[in-house]
Amino acid sequence: MRRHLLKWDGARLCARERLMRVRSLAKAMGMERPSPTRAKGLFSWFKMCLAAWLALLLLGLGLGQQLFWMGTLGGSSSEAWDISSDGMWATGTSETSDGWFHAFLFHYPPMPPWLWDLGTLPGGFWSRGWGVYSEDSQVVVVGEADTGVVHAFYWYGTMTDIGAGCMCFGEPWSGRAYDVTGLPDSIRFTVVGSSNHEVFNAVRFLPEPCLPLCCDIDPPPEFAYAVSRDGRVIVGGWPLAFIWQDGVCRLLGTLPGHTNSAAYGVSPDGSLVVGLSGGPDRHGFYWTRSTGMVELLMPDVVHNCIAHDASDPDPSGVGFFPRIVGAADLGSGDRAYWWRGLNRIGEDLNLLFADLLSDGSVLEVATAISADGRYIVGYGTHRPTEQRMGFWLDTCRHEKGDVNCDSCIDDADLLAVLFRFGEHCSGCPEDINRDGIVDDADLLIVLFNFGLGC
Ligand SMILES: [Ca+2]
Ligand SMILES: [Ca+2]
Ligand SMILES: [Ca+2]
């Protein structure tokens, strides 16, 4: 409420100040007591200013495309499952026009043909993309594909079969890759996933030789879902969540009263693990070495939720980081959620970004987040086509005055604009309307949106 009052007071103040400036300018030009013709001149001058201001505002809005529905490969659905650390690449799976499912690659800003079909392995009909990594404009995707049996693959310009992997005991029949770090020509190149032969084993496919993980645990965990940026931390689960670091395996346990768990994501720096703990209900958790497993909650505690991925902790020290993304089951269907700054109470992205969803579309599951916490991918219902569809979301509200890109417009943004007030700059974040100067137009944008997203 205080923020709303501030917003309105600020807007009123600025409108009045603006009017006074126009009046004092008119006075300086000798228009203090305008004759009818002069009055007409002043009026059109004011109209011109207003039009320019609106044009700049619209230009600012146009520059900030914040939610992008990815479309499909010709079929009726798509889902995005991973995003690169820099937030510019995503992968997932889409139905094709002939009814099969293919792995795709997506780049932001989108370029035709928006989704690239990564194809299949020789002799196969389908593929699924689960993990993506990029560095220096190079990009690699990993996933699973049909070859008669299921094999793990990596795509680096072409799709390469990396086989069925390896098992703690015996030879595997099939394999699936879920995450990747490093480029194929670097020593850091690491691909993790799962191998299967009657049972599943968590596995590191690459670097060679293939390594089944946590074979000293009985039963060994089944799936390795995520790997840290340096390749040294691998997490996964079922029947229990685990963290593997430099050859040492550790189980993370469950939340009280639960019987099983899985870790689906790890922050790129390897310090924050997130996932799902299940029993009579299912709840997302985060885990750090100092806190152990902590339950993630929602404003209404009766519902289930899940955590899929986490950003790096605290790049800016402002309290909104790290960010954990996932989904909550509200009884009426899934809704994409995030938890900010290790605040255990989640927030519905559909409410926070309601202005981007005016067509009735719903963000249902947030599956991955960039290292800096700014970009999110996932899937939901795209209302204009009534299709399940992958989305890419930029959570920075820059065009609404979010100078420091923490998705909340507050005093930090206001101060940033005030500190550079009057400065000419090109491309600086304080010049919100991008007209080359930090002035009252930028200040007004912050004040009009004060409190948004906080
Ligand atoms: Ca990843
Ligand atoms: Ca901000
Ligand atoms: Ca400006």
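A nonpolar core is a set of buried Ala, Val, Leu, Ile, Met, Phe, Trp, Tyr and Cys residues joined through C-beta atoms within 7 Å. In this predicted model, the largest such core has 99 residues. The chain contains five helices and 28 strands, and 46% of its 454 residues are buried. The mean pLDDT is 86.

**Confidence and overall organisation**

- A pLDDT of 70 or more is reached by 84% of the residues of the chain.
- Over residues 1–63, pLDDT stays under 50, and the model has 38 contacts beyond four places in sequence for this stretch.
- Of the contacts between residues at least 6 apart in sequence, 48% join residues at least 24 apart.

**Nonpolar cores**

- Within the core of 99 residues, those with the most contacts are Val235, Ala263, Val273, Val274, Tyr286, Ala366 and Phe391.
- Another core, of 15 residues, lies apart from the largest one and includes Cys408, Ile432, Leu443 and Val446.
- In soluble globular proteins, nonpolar side chains tend to be buried together.
- Beyond its neighbours within four places in sequence, Val235 is in contact with Tyr225, Ala226, Phe242, Ile243, Ala263, Val266 and Val273.

**Phe242 and its surroundings**

- Phe242 belongs to strand β16, which spans residues 241–245.
- Phe242 counts as buried because 26 C-beta neighbours lie inside 10 Å, and the cut-off for a buried residue is 20 or more.
- Once neighbours within four places in sequence are set aside, the contacts of Phe242 are Cys214, Pro221, Val235, Gly236, Gly237, Cys249, Arg250, Leu251, Leu252 and Ala263.
- The C-alpha atoms of Phe242 and Val273 are 9.4 Å apart in space, while the two residues are 31 apart in sequence.

- Strand β6 (residues 127–135) pairs with β7 in the antiparallel sense over eight bridges, and Gly129 has Gly143 of β7 as its bridge partner.
- The hairpin of β6 and β7 has two residues between its strands, and Asp136 in the turn has a positive phi of about 50°.
- Strand β7 (residues 138–146) is mostly covered, with seven of its nine residues buried.
- Strands β7 and β8 run antiparallel and are joined by six bridges; here Gly143 stands opposite Phe153 in β8.
- Three residues separate the strands in the hairpin of β7 and β8, where Gly148 takes a positive phi near 100°.
- Strand β8 (residues 150–155) pairs with β9 (residues 159–163) in the antiparallel sense over four bridges, and Phe153 stands opposite Asp161 in β9.
- The hairpin of β8 and β9 has three residues between the strands, with Gly157 at a positive phi near 90°.

**The open sheet from β10 to β13**

- Four strands form an open sheet in the order β10-β11-β12-β13, with antiparallel pairing.
- The edges are β10 (174–181) and β13 (211–212), each of which has a single partner strand, so one side of each is left without a neighbour in the sheet.
- Strand β10 is joined to β11 (residues 190–197) by seven antiparallel bridges, and the bridge partner of Ala177 in β11 is Gly193.
- Strands of a sheet pair through backbone hydrogen bonds, either parallel or antiparallel.

**Helix α4 and its packing**

- In helix α4 (residues 411–419), the buried residues are Asp413, Ala416 and Val417.
- Viewed down the axis of α4, these buried residues fall within an arc of 95°, so they line one face of the helix.
- An α-helix has 3.6 residues a turn, so residues three or four places apart point the same way.
- Asp411 and Phe419 are exposed on the other side of α4, whereas the buried residues of α4 pack against α5.

**Cys454**

- Cys454 is placed in the segment after α5 (440–448).
- Cys454 is exposed because 12 other C-beta atoms lie within 10 Å, and a residue with 12 or fewer is classed as exposed.
- With neighbours within four places in sequence left aside, Cys454 is in contact with Cys408 and Asp410.
- Cys454 and Phe320 are 134 residues apart along the chain, and their C-alpha atoms are separated by 9.4 Å.

Key
Residues are numbered from 1 along each chain as its sequence is written. Chains are lettered from A and ligands numbered from 1 in the order in which they are written. This is a predicted model: local features need pLDDT of at least 70, side-chain atom pairs count only at pLDDT 80 or more; totals for chains, interfaces and linings use all residues. Two strands pair if DSSP finds at least two bridges between them. Two residues are in contact if their C-beta atoms, placed from the backbone, lie within 7 Å. pLDDT is the predictor's confidence in each residue, from 0 to 100. The arc is that of the directions from the helix axis to the C-beta atoms.
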